[in-house]
Amino acid sequence: MTKKAMMLAAVFGLSLLAPAAFAQSTGSHAIALHGAPKYGPDFKHFDYVNPDAPKGGEVKLATYGGFDNLNPFILRGQTAAGAGMVFETLTTGSGDEFITEYGLLAESIAVADDRSWVSFTLRPQARFHDGKPVTVEDVLWSFETLRDKGHPVYRTYYADVGKAEKTGERTVKFSFKNTSNPELPVIMGQLPVLPKHAFATRDFASTTLEPLIGSGPYEVADVQPGRSIAYKRVADWWGKDLPINRGRYNFDRIRYDYYRDLDVAFEAFKAGSVDFRLEHSSKNWVTGYDTPAVRDGHIVKEEIKHQDPQGLQAFVFNTRRPVFQDRKVREALNYLFDYEWTRANLSYGLFQRSKSFFSNSELAAEGLPSPAELKVLEPYRGKVPEEVFTKPFEPPKTDGSGNIRQNLRTALGLLKEAGWELKGNKLVNVKTGEPMRFEFLLVQADMERIVQPYLRNLERAGIEASIRVVDTAQYQNRTDNFDYDIVIQRLPQSLSPGNEQRDFWQSAKADQPGSRNMAGIKDPVVDELVEKLIRAPDRETLVATTRALDRVLLWGWYVVPHWHDTVRRVAYWNRFSHPAVAPKYGLAFADTWWVDPEKNAKLASTARRTGP
């Protein structure tokens with residue numbers, strides 16, 4: 001992730017910093033998660049870029065659905081792909097460190113020794129695209145506007161900010177209500193800064209298709225509502241020579257074309273109408289690239305290893321619905337999902353089963369609780385499932401043959417305990433006589449192939465389940481307002497979770513439209529664990545508390561876990577080059593790759609003769 005100013009992107013990758021990293025009441029160029037930043041104040045460029053990468057060329061990308069909004073900071077509307085590239089934040093992260101924030105709009109950062117405030121001094125050369133300087137007044141206006149009129153998540157993130165004030169011609173200071181949340185200085189560094197003057201005559205909270213002014217490396221070049229959007233590199237961008245930006249943002253033009261059918265988008269890529277593709281479909285990866293363009297080397301398939309935490313993708317139960325309010329029902333439905341068969345027959349043996357909300361990181365709970373985890377969990381004994389203390393979490397397994405007889409018996413037993421029984425071929429509620437029925441709400445039709453086998457197993461248990469596929473606008477509206485039974489959701493996580501966890505899990509967010517508490521969790525224990533996580537004084541406590549939270553969530557059976565991977569599978573027309581060293585975290589395609597003039601010329605010549 002390169003620009004945390006993108007809608008909701010600032011909620012991920014927020015870091016918990018050790019107290020020692022904050023003992024800098026004088027200005028510094030960066031804040032490190034632990035100890036000193038990798039790059040000193042005189043560094044020339046990040047190690048994972050090519051500082052001499054040529055600028056130029058256009059890249060065509062595909063995305064799904066449609067859009068009706070160019071403001072990525074509000075709840076309303078569907079934001080256009082790439083909209084965050086227009087804007088900048090006070091600081092920006094490094095892609096090859098655990099988490100470190102470097103000054104972007106801010107040239108220096110100062111943090112109180114007791115973490116009661118943070119101040120940022122703006123770079124004098126920082127400019128918006130209309131040439132006006134970025135001022136402290138813009139910072140203060142952005143903070144207040146995002147908090148009061150932006151996406152509801154901003155109210156959560158800025159809730160502990162007690163005061164924002166101008167303390168110098170180019171210096172702004174944020175004072176905190178308490179010092180128990182050590183990530184607050186980082187959160188404020190990730191504040192998107194917008195031009196106050198550009199919003200003098202417009203309603204910030206309303207959707208717009210009129211390009212907005214920012215200060216970032218790109219600006220909107222062309223808008224075809226719902227169909228495509230193009231961005232052009234700002235030729236006189238004020239920040240192009242900063243060490244943090246050297247070798248980055250190399251494409252002159254980036255265009256996103258919208259497709260309403262993923263298969264059509266794939267065919268468009270193979271035909272040359274799309275340049276680059278991040279492949280999520282195991283079926284496509286294994287079977288879909290048998291084309292002359294691949295065999296002739298015109299299209300490159302590449303697997304790029306990464307160290308990104310994977311969070312969790314899953315079927316999420318909406319516990320606001322009465323049918324899912326009993327934990328035993330949710331557990332029973334886990335027994336009816338045959339992951340092993342799905343992996344062998346639909347995922348071609350790729351991917352790994354997820355067993356944690358913090359997959360692929362040290363934050364994932366494994367085995368039995370450690371002494372440090374037990375110290376966190378003991379106050380809640382009797383208030384959480386006993387399995388939290390006595391059993392390692394493992395999703396139900398099968399032999400992969402498609403025969404789930406044993407799992408079916410277990411599921412029906414749990415459902416009977418929860419007050420459901422089979423009558424004929426229907427599972428009905430003992431008290432009301434109502435059949436169990438629910439719907440899977442999808443936005444991508446290609447996920448039907450994953451859901452359909454699950455539906456067959458649910459039918460064997462007498463459950464009436466169906467699929468509804470809707471367009472992106474309807475899907476966003478329904479999920480924002482929690483109008484669904486089951487959805488497929490991916491919950492991304494950072495290496496250092498913080499107050500974004502409130503939006504995922506806490507009771508106060510369960511009924512707030514647009515929150516990420518998709519399951520509707522309302523559990524006082526979860527609420528307390530999230531607060532303890534946010535206020536963890538050191539890394540060891542943070543890890544133990546996160547694992548404890550992970551266990552409580554897992555044994556709540558709020559989801560049916562899917563899978564994750566430790567490589568990114570990309571395919572691209574052979575006109576690009578990328579640095580030899582990839583960032584540890586993030587793909588950084590639009591950030592660090594470039595159009596290679598020699599490859600581009602060769603492709604234009606050979607592809608024209610042979611075709612795709």
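This is a predicted model: local features need pLDDT of at least 70, side-chain atom pairs count only at pLDDT 80 or more; totals for chains, interfaces and linings use all residues.
Staying with α7, the helix covers residues 327-335, and seven of its nine residues are buried, so the rest of the structure largely encloses it. The buried ones are V329, R330, E331, A332, L333, N334 and Y335. At the start of the helix, the backbone nitrogen of K328 has a side-chain oxygen of D326 within 2.8 Å.

Now the cores. The largest nonpolar core holds 79 residues, and Y158, F174, M188 and Y231 have the most contacts inside it. Helix α1, residues 136-149, supplies the largest share of that core, six residues. As background, nonpolar side chains in soluble globular proteins tend to be buried together.

Take Y158 as one example. Setting aside neighbours within four places in sequence, Y158 is in contact with F143, L146, R147, I187, M188, L191 and P192.

Last, W237. Where does W237 lie? It is in the loop between β13 (228-233) and β14 (253-259). Is W237 buried or exposed? Its relative accessibility is 5%, and the cut-off for buried is under 20%, so W237 counts as buried. Again leaving out neighbours within four places in sequence, W237 is in contact with E88, S215, G216, P217, N245 and Y249. W237 and F128 are 109 residues apart in sequence, with 8.6 Å between their C-alpha atoms.

Conventions:
Residues are numbered from 1 along each chain as its sequence is written. Side-chain values use heavy atoms; hydrogens and water are left out. A nonpolar core is a set of buried Ala, Val, Leu, Ile, Met, Phe, Trp, Tyr and Cys residues joined through side-chain atoms within 4.5 Å. Buried means under 20% relative accessible area, exposed over 50%, partly exposed in between (1.4 Å probe, protein chains only). Helices (H or I, at least four residues) and strands (E, at least two) are DSSP runs, numbered from the N terminus. Contact means heavy atoms within 4.5 Å. A polar contact is a pair of N or O atoms within 3.5 Å; within protein, one must be able to donate a hydrogen and the other to accept it, and residues adjacent in sequence count only if both atoms are side-chain atoms.
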